[in-house]
Amino acid sequence: MLMHETMVAQSLLSMISAEAEKRNAKPIIARISCGVLNAVNDDVLCFAFDSVAKGTACEGMKLEIEHKQMQGRCKSCAEIFDVELSQPVCPKCGGEDFELQPDAALVLEEIEFSTE
Amino acid sequence: MYKVEIGKKILSANEEYAAKNSRLLAEQGKLCLNMISSPGSGKTTILVRTINELKGKIKIGVIEGDIQTDIDAKRIQATGAPAVQINTDGACHLSAAQVSSGLEKLPLADLDLVFIENVGNLICPSAFELGETAKVVVLSVPEGDDKPAKYPAIFAKSKVLLINKIDLLGAQMQVDFNLERAKTDAHKLNKSIEILPISAKTGEGMADWYNWLVEAIKNIRSD
């Protein structure tokens with residue numbers, strides 16, 4: 001089955017390739033951040049990226065992936081906190097009623113290029 | 001080595017299509033529900049019964065997402081409702097671009113409600129906004145009452161939880177499913193989620209679902 005990481009990998013490859021071409025430089029590392037709902041599995045995304053990058057300027061690149069927690073706004077005390085989905089409780093007042101904030105998007109944060 | 005800051009969204013193409021779908025639906029005042037569940041939870045059966053029982057009251061169209069085959073679209077079309085089948089050719093979710101082309105093929109102006117039946121999967125579809133009004137998650141009794149705890153993201157993001165196949169509850173059926181546990185776990189993640197236990201087979205509980213739909217359509221029109 002084509003996992004959703006494949007679509008992410010393809011989109012990532014075309015973004016990085018465009019940046020590399022603009023600078024005529026070899027990309028080495030890409031840093032990515034994502035939210036919970038992006039459901040990105042690091043191993044699967046790296047594997048998918050390796051596969052689509054084969055034979056391109058991005059072959060052999062490393063991906064570093066930062067996962068951002070979902071945030072909630074406590075309805076009792078208005079505290080904004082990282083929602084631990086297994087036990088979602090406000091750390092300030094112990095309230096259990098909260099409004100889920102929009103999940104973090106999948107973002108290509110930065111690319112490191114080789115100077116050679 | 002040198003670093004270059006980029007700060008661009010990776011799935012921006014999907015988001016643009018989702019925004020376009022959302023605008024189109026809002027302009028025309030249509031309710032659009034993205035139905036997400038594991039394979040075999042009974043999504044299509046729920047839709048078929050809903051369409052049949054609301055005939056003459058609510059006009060419904062369906063975008064069917066499946067990896068392959070048009071089995072589901074044919075089941076919907078047999079009710080007389082318009083249905084568009086989208087085959088994802090191996091992908092585990094529908095994308096907003098696919099929904100966009102699905103919406104173009106439906107007689108949208110004549111409809112009150114569009115159901116998007118996503119590919120059966122509790123994980124990946126939550127990663128792709130489609131421009132829908134709301135997500136509806138379906139959990140069927142044989143899957144087990146631990147699913148809200150094990151797949152929290154989709155339960156946290158859905159407006160409605162339909163607990164289907166409740167006709168299988170009861171000692172003589174030998175299906176272990178604690179309705180209260182599933183409800184408590186889902187509520188922990190999402191206080192405002194509407195939880196409706198139903199059986200699309202026997203019709204039990206379906207009236208509450210229809211009432212929810214009627215209200216949601218009213219709310220869309222008054223917005």
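Trainee: Which residues touch the most other members of the largest nonpolar core?

Mentor: V8(A), L12(A), F115(B) and I116(B) do, in a core of 91 residues. Keep in mind that this is a predicted model. The element that gives the most to this core is α1(A), with seven residues.

Trainee: Which residues is V8(A) in contact with, leaving aside neighbours within four places in sequence?

Mentor: In chain A they are V40(A), L45(A) and L106(A). In chain B they are I10(B) and L11(B). Contact here means C-beta atoms within 7 Å.

Trainee: How many residues of each chain take part in contacts between A and B?

Mentor: 30 residues of chain A are in contact with 28 of chain B. Among the elements of chain A, α1 (4-23) and β6 (107-113) each supply at least two residues to the touching side. β6(A) gives the most, with seven.

Trainee: How do the residues on that side of chain A divide into nonpolar, polar and charged?

Mentor: There are 19 nonpolar, five polar and six charged.

Trainee: What makes β2(A) and β1(B) the edge strands?

Mentor: Take the order of the open sheet: β2(A)-β1(A)-β6(A)-β1(B). β2 (62-67) of chain A and β1 of chain B each pair on one side only. The sheet has four strands, and its pairing is mixed. From one strand to the next, the twist averages 20°.

Trainee: Where does α1(A) lie?

Mentor: Across three strands of that sheet: β1 (27-34) and β6 of chain A, and β1 of chain B. The helix runs at about 40° to β6(A).

Trainee: Which elements make up chain A, from the N terminus on?

Mentor: The run is α-β-α-β-β-β-β-β. That comes to two helices and six strands.

Trainee: How do you know whether chain A is compact or spread out?

Mentor: Set its radius of gyration against the globule rule. For 116 residues the rule gives 13 Å. Chain A has 18 Å, well over that, so it is more spread out than a compact globule. Its C-alpha trace spans about 55 × 35 × 15 Å along the principal axes. Of its residues, 34% count as buried.

Trainee: Why is S76(A) called partly exposed?

Mentor: Count its C-beta neighbours inside 10 Å: there are 13. Buried needs 20 or more, and exposed needs 12 or fewer. The count falls in between, so S76(A) is partly exposed.

Trainee: Where is S76(A) found?

Mentor: In the loop between β3 (71-74) and β4 (80-82) of chain A. Beyond four places in sequence, S76(A) is in contact with C90(A), C93(A), G95(A) and D97(A).

Methods:
Residues numbered from 1 in each chain as written. Chains lettered and ligands numbered in written order. Predicted model: local features only at pLDDT ≥ 70, side-chain atom pairs only at ≥ 80, totals over all residues. Contact = placed C-beta atoms within 7 Å. Nonpolar A, V, L, I, M, F, W, Y, C, P; charged D, E, K, R; others polar. Pairing = 2+ DSSP bridges. Axes fitted to C-alpha atoms, helices over the stretch in contact; angles between N-to-C directions. Rg over C-alpha atoms; globule rule 2.2 N^0.38 Å. Core = buried A, V, L, I, M, F, W, Y, C linked by C-beta atoms within 7 Å.
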